[in-house]
Amino acid sequence: MKKQVIILGSTGSIGRQALEVIANHPEEFTVYGLTANRNSQILIEQAKKFKPKYVVIAQDEEYLKVKAGLAGTGVEVLAGFQSVIDLAGQPVDRLLVSLVGAAGIKPTIAGIEAGSPIALANKESLVAAGSVVMELSRKKGVPILPVDSEHSAIFQCLQASPKALKSIWLTASGGPFRTTPKEELGKVRPEDALKHPNWDMGAKITIDSATLVNKGLEVIEAHLLFQVPYDHIKVLVHPGSIVHSLVEFTDGSVLAQLGWPDMRLPIQYALTYPERLQTHLEPLDLLEVGRLEFEAPDTERFPGLKLAFEAGKAGGTMPAVYNAANEVAVQHFLRNELPFTGIPSVIADVMSRHSVVSNPDLEEILRYDAWARAEAERTVAAR
Ligand code: MG
C-alpha cells in the first residue's frame, strides 16, 4: 500500500523538496492533494507530473488559469482558502503542512481532526496555537512529526529514550549578520538579509533567521513538541549547520544528529517515520567538515531571541502575539518600510501592550493574533 500524501503549500521551498522526495520513491508514495497560494504555473506543472486527486489554488483569481491548465487531466481543481482547510480535513497517511505563517493553524487542526499524521513544517501554527494543537493531537492520538531540521534532529535523537530527556540544545547558523556590528544592523537591506549562508529557504523564514526570531519560534516549538521547560532549552550558534541539534539525557549523555544542511532529509524522515529510506543525498564527510564550532548567541544584537523566551514563559496568548507582530514587521522590512532593527522593537512594543490570556481557546488565539497584527501595523506607521 502506497502512502497517500497531501502537501499544503506545494509550490514553496519545502513543498517542492517534498515532491522531489516523493519522486525518488514512487513505490512508497502517491500524492492525494496539492495546494498553492497563488503560484498557478508551478501548481499546474506539479499536478501534471504527480496526478493528485485534488489541487487547490487559494487565491480565487487564479482559479480559471489552473482549471484551464489541468483540463482533461482528471485532476479536480478547487479555489479559496476554505478549500485548503477542507482538503486538509481528508484523512491521508501524511498531511505535510508547509504553509507560511499563522495561516497554517486551521488546516493543521483540520488534519488532526481527520486523524492524519501531520508532517509539520509550519512552526508559526504551533507557536501561535500550540496548546490547542498539541492537546488535540494527544486527544486524537495523532502524531505531529517535525519537519524543521532542528526538531527533526531532536525527534530522531529521542527515539530510544524519550522519557529520559533533560535538556535540548538547539543549534542556529547565526544567519548572515552573525558578525555584523550592532551599529551597522540598522542599515542592512532586505537583499542582504535574504542571503542565508547555509540554507536556501523562503523569504519570511530567511529574514527570521537573520533576526534570530526563527530560533525564537523554534524554542517555543521545541517546548511544545517535547514538553521541556524553557530553562532547559539552550541555543547554540553553530555557523556550519552540520549539527542540527542535540539532546541531553538525565544521565548526562548527549546525542546529536548531523548532516549536510539539506531539508530533503528531515522532510523524508517525517514522511517515512518510523522507517528510514535511502536518499540520493551526498553523504556527510566529517574530514571535509574538519571542525565544528559553537558560540553563544548575542541577544543584545538580536533581541528577538530573548523576546521569544519571554513570550514562551509568559505563555497563553503571548506566543501568538510575538509571532503575529513579527509576521507584520517582516513584511514591512521586506518592502523597505522598516529597518532591520525595527523588527524586534515592533515585537517588543506590541508584547508590552498585551495582557496575557491564560489557557486560550482557538477563538481567543485568533482574536489576539488579529489584535497583534493591527497593533504592529500601528506601531510601524507611527515610527
Ligand atoms: Mg529550523
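Helix H4 (residues 81-88) lies across E1, strand E2 (29-36), strand E3 (54-57), E4 and E5, and runs at about 160° to E2. Contact here means heavy atoms within 4.5 Å. Axes are lines fitted to C-alpha atoms, for helices over the stretch in contact, and angles run from 0 to 180 degrees between N-to-C directions. Helices (H or I, at least four residues) and strands (E, at least two) are DSSP runs, numbered from the N terminus.

This is a predicted model, where local features need pLDDT of at least 70, side-chain atom pairs count only at pLDDT 80 or more, and totals for chains, interfaces and linings use all residues. Residues are numbered from 1 along each chain as its sequence is written, and side-chain values use heavy atoms, with hydrogens and water left out.

**The sheets**

- Seven strands form an open sheet in the order E4-E3-E2-E1-E5-E6-E7, with parallel pairing. Two strands pair if DSSP finds at least two bridges between them.
- Strand E4 (76-79) and strand E7 (144-146) stand at the edges. Each has a single partner strand, so one side of each is left without a neighbour in the sheet.
- On average, neighbouring strands of this sheet are turned by 20° against each other, direction ignored.
- Strand E1 (residues 3-8) and strand E5 (residues 94-97) run parallel and are joined by four bridges. Ile6 stands opposite Leu95 in E5.
- Strand E10 (residues 243-249) and strand E11 (residues 254-258) run antiparallel, joined by five bridges. Ser245 has Gln257 in E11 as its bridge partner.
- The hairpin of E10 and E11 has four residues between the strands, and Gly252 takes a positive phi near 95° there.

**The magnesium ion**

- Which residues are the protein donors of the magnesium ion? They are Asp148 (OD), Glu150 (OE) and Glu218 (OE), lying 2.1 to 2.2 Å from the ion.
- Donors are N, O and S atoms within 2.8 Å of the metal (3.2 Å for Na, K and Ca); water is not among the atoms, so sites may look incomplete.
- Along the chain, the donors follow the spacing D-x1-E-x67-E. Glu150 in helix H7 (residues 149-157) and Glu218 in helix H11 (residues 213-226) are 68 residues apart, a pair that links distant parts of the chain.
- Both Glu150 and Glu218 are buried. Buried means under 20% relative accessible area, exposed over 50%, partly exposed in between (1.4 Å probe, protein chains only).

**Helix packing**

- Helix H1 (residues 13-24) and helix H12 (residues 264-272) pack at an angle of about 65°, with axes 9 Å apart. That makes H1 roughly perpendicular to H12.
- Residues in this contact include Ile14 and Val21 of H1, and Ile267 and Leu271 of H12.
- Helix H14 (residues 303-314) and helix H15 (residues 318-334) cross at roughly 150°, and their axes come within 7 Å. H14 and H15 are therefore roughly antiparallel.
- Angles under 35 degrees count as roughly parallel, over 145 as roughly antiparallel, 65 to 115 as roughly perpendicular and the rest as oblique.
- Among the residues making the H14 and H15 contact are Leu307 and Ala311 of H14, and Pro319 and Tyr322 of H15.

**Two buried residues**

- Not counting residues up to four places away in sequence, Asn323 touches several residues, including Glu124, Lys204 and Arg373.
- Thr180 lies in the loop between strand E8 (165-172) and helix H8 (182-185). Thr180 counts as buried, at 14% relative accessibility.
- Leaving aside neighbours within four places in sequence, Thr180 is in contact with Leu185 and Arg301.
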